[in-house]
Amino acid sequence: QVQLEESGGGLVQPGGSLTLSCLASGSIFSIIAMGWSRQVPGKERELVARADSGGGSYYDDSVKGRFTISRLNAENMVSLQMNTLKPEDAAVYYCTAHGYACSDYGCARPGPYFENWGQGTRVTVSE
């Protein structure tokens with residue numbers, strides 16, 4: 001079992017900053033990528049940013065230049081620094097990770113593939 005625990009959501013004024021953090025724990029052999037998606041009521045969940053284990057990253061056009069994703073591979077952690085927040089950034093943000101769990105024989109070899117989501121953390125951008 002692989003669990004993702006998010007932290008850092010909250011209320012911020014437009015133009016402000018907020019940092020989200022996510023820790024993956026459990027029986028992890030390797031993580032291919034970690035990222036953040038967000039969802040508002042009535043809309044589909046959208047990928048905001050993703051960082052892979054090789055150092056590559058992806059950002060949705062709506063957040064380029066304002067958000068920065070950082071991974072600490074050794075700690076299975078990812079953070080999302082959000083600057084110059086806009087009211088349209090308000091959403092529930094979900095941490096996501098995919099990779100391989102440990103096998104039934106231990107963590108010396110890969111086990112089943114996983115793709116997991118956190119419980120979500122709410123970001124509110126308002127005066």
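1. Two strands pair if DSSP finds at least two bridges between them; strands here are DSSP runs of E of at least two residues, and helices are runs of H or I of at least four, numbered from the N terminus. With that in hand, L72 stands opposite M77 in β8.

2. A friendly reminder on the basis: this is a predicted model, where local features need pLDDT of at least 70, side-chain atom pairs count only at pLDDT 80 or more, and totals for chains, interfaces and linings use all residues. Residues are numbered from 1 along each chain as its sequence is written, and side-chain values use heavy atoms, with hydrogens and water left out.

3. Strand β8 has two partners to look at. β7 and β8 run antiparallel and are joined by 6 bridges, and β3 also pairs with β8 in the antiparallel sense over 6 bridges. In the hairpin of β7 and β8, with 4 residues between the strands, N76 takes a positive phi near 50°.

4. Side chains alternate along β8: V78, L80 and M82 point to one face and are buried (under 20% relative accessible area, with exposed over 50% and partly exposed in between; 1.4 Å probe, protein chains only).

5. Now T96, in strand β9. T96 is buried, at 11% relative accessible area. Its side chain reaches the backbone oxygen of N116 at 3.2 Å. Beyond four places in sequence, T96 is in contact (heavy atoms within 4.5 Å) with residues including L4, M34, W36 and W117.

Notes: Polar contact = N/O pair within 3.5 Å; in protein donor to acceptor, adjacent residues only side chain to side chain.
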